[in-house]
Amino acid sequence: MVKRMTLAVVVVFIVWSILDFILHGLLLQSTYEATASLWRPMDQMNMPLIYFVTLVFAACFVLIYGLLVGQKSLASGLQFGALFGLATGISMGFGSYSYMPIPLTLAWSWFFGSWIEALAAGAIVGVMLKS
């Protein structure tokens, strides 16, 4: 089980990194450019820290599912991902919107992006850690 969980962490990390690039690097690029005063310039962003945070987040996602969900299946993984994504999406999107001067469209984008990423991770753990 430890090998499967470790591999699941790696797969979730890779999938999240790809989805983050698509969402933040491609789809939301013009929104970030329009609100440039809110963000660090690209050359000042700490990419190793960003990847470390993503890795720890992926590990927590996999471990919570692996250790706390009894019956593991694709369906339970998707349910876990949907609930986890709702919590993180609300926090990321609308929690940030409540105290940052970001456009409402960005809040919705962060919400849906977080939810989709959690659903993808739920499918991964549901299949990889199946009972």
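**View 1. Tyr-65 in helix H3 of a predicted model.** In this predicted model, Tyr-65 belongs to helix H3, which covers residues 47–68. Its relative accessible area is 0%, so Tyr-65 counts as buried. Have a look at what surrounds the residue: setting aside neighbours within four places in sequence, Tyr-65 is in contact with Gln-71, Lys-72, Ser-73, Ser-76, Gly-77, Phe-80, Val-125, Gly-126 and Leu-129.

View 2. A polar atom of the Tyr-65 side chain sits 3.3 Å from the backbone nitrogen of Ser-73. Turn next to Val-125, which is 60 residues away from Tyr-65 along the chain. Here the two C-alpha atoms are 7.5 Å apart.

**View 3. The largest nonpolar core, with 17 residues.** Val-12, Phe-61, Val-62, Val-125 and Leu-129 are the members with the most contacts inside this core. Two or more residues come from each of helix H1 (2–27), H3, helix H4 (74–99) and helix H5 (104–128). H1 is the top contributor, giving 5 residues.

**View 4. A closer look at Val-12, and then a second core.** Zooming in on Val-12, and again leaving out neighbours within four places in sequence, you will find contacts with Ala-58, Val-62, Ala-121, Ile-124 and Val-125. Of these partners, Val-62 and Val-125 are also among the residues with the most contacts inside the largest core. Elsewhere there is a separate, second core of 7 residues, among them Leu-28, Tyr-32, Ile-102 and Leu-106.

Key
Residues numbered from 1 in each chain as written. Predicted model: local features only at pLDDT ≥ 70, side-chain atom pairs only at ≥ 80, totals over all residues. Heavy atoms only, no water. Helix = DSSP H or I, 4+ residues; strand = E, 2+ residues; numbered from the N terminus. Buried < 20%, exposed > 50% of the residue type's maximum accessible area, 1.4 Å probe, protein only. Contact = heavy atoms within 4.5 Å. Polar contact = N/O pair within 3.5 Å; in protein donor to acceptor, adjacent residues only side chain to side chain. Core = buried A, V, L, I, M, F, W, Y, C linked by side-chain atoms within 4.5 Å.
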